[in-house]
Amino acid sequence: MAHEHKLEIFRGLLKFKSNIQKIWGVLVFLSIVTAIEVALGIIKPELLTKNYFLGMKLLNWIFIILTLVKAYYIAWDFMHLRDEKSSLRRAIVWTPIFLVSYLIFILLFEADYIYNVFKDGFLAWDF
Amino acid sequence: MDTTVTTGTEDNVWGGGNRPLGASYGKLMMWFFIVSDALTFSGFLVSYGFSRFKFIETWPIADEVFTHVPFFHGNYPMYYVAFMTFILIMSSVTMVLAVDAGHKMMQKKVIFYMFLTVIGGAIFVGSQAWEWATFIKGDYGAIETKGGRILQFVDAETGKRAALSDFSTTISSERVEHESKNGVWYYEGKPLPSYSVNEVLEGFKASPNILIRTETINDEGEKTILNRQESLAKLKDASLVVEGANLVRNEYGSRLFADFFFFITGFHGFHVFSGVVINVIIFFNVILGTYERRGHYEMVEKVGLYWHFVDLVWVFVFTFFYLV
């Protein structure tokens, strides 16, 4: 069991005196991120909904990036991956990342293709 | 671990007793389970993405669907789900605090924090049940066309959604629900919606300020509202009155939307529920002093991993179901 904890987050920008302090610090950070997400979701600034990057609204990109940030801190600090050996950490993190990226790529492309078939084909489905 | 049989070959690399990953057997197995479960959830979420990309122009807008907060009337998009997210993160925090207290062998503190974790989990499951009930009940009602599309109604003056009861007329002798007292041979029929298609149609014709909202999303990112003529033309295809949601049809739009809602949040809710059950078991074990006698609180750490994983999944479900 890893008893010693690494007590810094944001690459050493923020150092905590004890593990308990770090936990509360991470909670504050996660709450702020969630609050930003909800606020953006309610306001929906035009700047972010009108502009697209890689076929997706900037707003949605921000949501996804913030989600990954939250996931990182949950896994690293709550599930204390930060304190585990790097070999264990890599085995756990990169395996799903690789498989899921592949799945996302292949399924979303296929879905977009079907969307175009529905749209341009002679088949009517919206009546 | 203490129970490992000592064979006297520990010096040998292949003699056993090595821990190349620095984690005990139980913890490793919990991690492997979490990875495989994460892939299951990813499969669900990606298939949700598949269906959504397939019907990208007609998919329901989540913050128009989930607008309710218990005990309050009105339109509060997202607030309650955000609250649920916060509750789950909070119970994750108390779980880490329990694990931390366990490392320091402080039984009383572990009991206290485990208790808070269980309470948080219970609040979350309860909220989810409420959310399901609200979703199934529905609020405005809609018309389904022959092609299986959903037509919703808006008030032309205020731009707000109009419920079927706001404008539908009641035609006597239209709706007869078959009751057991009316026949010797009683077959339970399907429950009738509050209004029949004809009643909605007549009501619509009689109230000129009601317009139809289709599923199609326009350039503004909002659902398209038809004008009066188009609305009347569209209603010629009406075939069913839909209120609320089930696995076959729902008043919010695409049928797949409700299916995925039930499936993904249901599967997640089941995880939370089983997490609460496991937490309760561990909670009582801590009270009984099982881990004091064992000399370490690794069990708390292992269920902690599972509990954080449930939180982690919710973060993704929240984003992909409610935000994006």
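**Close-up 1. Helix H8 of chain B, from its first C-alpha to its last.** In this predicted model, H8(B) has 34 residues and reaches 49 Å between its end C-alpha atoms, close to the 50 Å expected at 1.5 Å a residue.

**Close-up 2. H8(B) alongside helix H1 of chain B.** Here H8(B) covers residues 255-288 and H1(B) residues 25-54. Their axes come within 11 Å and cross at roughly 170°. Angles over 145 degrees count as roughly antiparallel, so H1(B) is roughly antiparallel to H8(B).

**Close-up 3. The residues that join H1(B) and H8(B) in contact.** From H1(B), look for Phe44(B), Leu45(B), Tyr48(B) and Ser51(B). H8(B) answers with Leu256(B), Phe260(B), Phe263(B), Ile264(B) and Phe267(B). By type, this contact holds 8 nonpolar residues, 1 polar and no charged. A handy reminder while viewing: an α-helix has 3.6 residues a turn, so residues three or four places apart point the same way.

**Close-up 4. Where chain A touches chain B.** Chain A brings 46 residues to this contact and chain B brings 45. On the chain A side, helices H1 (19-43), H3 (58-78) and H4 (86-120) each supply at least two residues. H4(A) gives the most, with 16 residues. Sorted by type, the side of chain A that touches chain B has 29 nonpolar, 10 polar and 7 charged residues.

Methods
Residues numbered from 1 in each chain as written. Chains lettered and ligands numbered in written order. Predicted model: local features only at pLDDT ≥ 70, side-chain atom pairs only at ≥ 80, totals over all residues. Axes fitted to C-alpha atoms, helices over the stretch in contact; angles between N-to-C directions. Helix = DSSP H or I, 4+ residues; strand = E, 2+ residues; numbered from the N terminus. Parallel < 35°, antiparallel > 145°, perpendicular 65-115°, else oblique. Contact = placed C-beta atoms within 7 Å. Nonpolar A, V, L, I, M, F, W, Y, C, P; charged D, E, K, R; others polar. Expected span 1.5 Å × (residues − 1).
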